[in-house]
Amino acid sequence: MPISEYKLCVFGSGGVGKSCLTMQFVQGIFMPKYDPTIEDVYKKTVEIDEKQYSLEILDTAGTEEFSAMRDLYVKNGQGFVLVYSITSQATFNDLNEFYGRIMRIKDTELHGQPPLILVGNKSDLEDERVVGREVGQALARKWKSSFLETSAKDRANVNEIFFDLVRQINRSPNIASSRSQTKHTTHENASTSKARMLSNLPSKNQSDSQKHFRKPRSGKCIVL
C-alpha cells in the first residue's frame, strides 16, 4: 500500500515554541534555549489509524522576512498549525494575521477552509498563564478548527497535534477528490501507454519478413 504524503505548516509568533513542538514530534527532543528559526523543513513517517503517512513539516520563522517561501508552502500545504503561548496575550492576538493570510492564499471562498488546528503551547507554565483555555476554545469555534493546549517541554499533546491534522486532511473533500482524480488520471495514462505499446508491435507477417534482414546484435554493451 502506497504511503500518503502530506505537507503541513506551523505558524505563530517568535518564541511560542513552534520549533520545540516540531522537534519533539519529529525527533523526541526538547530545546530549552530559544533560537530564532529562519525556516526549516522536517520529514517524518508515522502510522496513524493503521496507515502509513510521510509528513513534510515547515517550521516557519516568527517574522515576515521570509514570506516568499512561506507563501509557497501555504499554497501547497494541506494542513496548518497555528501556535500561541498561553503566557503571552500578544502571541494570541498575532494569530489573526497568520490566519487571514492563510485563508487569502488558499482562496477559501472557492476551495473552502483547509484543515487547521489552533494550539495553545506552554501549558506547563500554568502559573504564568494570561490566555485562558476558554479564550482559545472560543477562537477555535469561530475558525471552525480543532483546539489543543500543549507542552513541548512535557511532550503533552504533541503527537495529537499532527495526528489530528492528518485525520482532518483525510476527511477533507478536496483531498478525496484529488485522490480520485489522481487515480483516474493514472488509470488513463496506463491505458494510453498500453495502447501505444500494442500499436507499435509488428504484425506476424511483418515480423517474419524482417527475420531475414535483421542484423545480428553486437556482443558489446554500450553505456549511455
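Is Lys7 buried, exposed or partly exposed, and what is its relative accessible area? Lys7 comes out as partly exposed, at 30% relative accessible area (buried is under 20%, exposed over 50%, and partly exposed in between, with a 1.4 Å probe and protein chains only). The model is predicted, with residues numbered from 1 along each chain as its sequence is written, and side-chain values use heavy atoms, leaving out hydrogens and water. Local features need pLDDT of at least 70 and side-chain atom pairs count only at pLDDT 80 or more, while totals for chains, interfaces and linings use all residues.

Now to the charged pairs. A salt bridge here is a side-chain nitrogen of Lys or Arg within 4 Å of a carboxyl oxygen of Asp or Glu, and the count comes to seven. One of them joins Lys7 to Glu56, at 3.1 Å from N to O. Glu56 sits in strand 3 (residues 51-60) and Lys7 in strand 1 (residues 4-12), so the pair ties together parts 49 residues apart in sequence (strands are DSSP runs of E, at least two residues, and helices runs of H or I, at least four, numbered from the N terminus). Glu56 is buried, at 14%.

Arg167 pairs with Asp49, with the closest N and O atoms 2.9 Å apart. Because Arg167 lies in helix 6 (residues 158-171) and Asp49 in the loop between strand 2 (39-48) and strand 3, this bridge ties together parts 118 residues apart in sequence. Arg167 is partly exposed at 33%, whereas Asp49 counts as exposed at 51%.

Finally, a network of salt bridges links Glu126, Arg129, Arg133 and Glu149.
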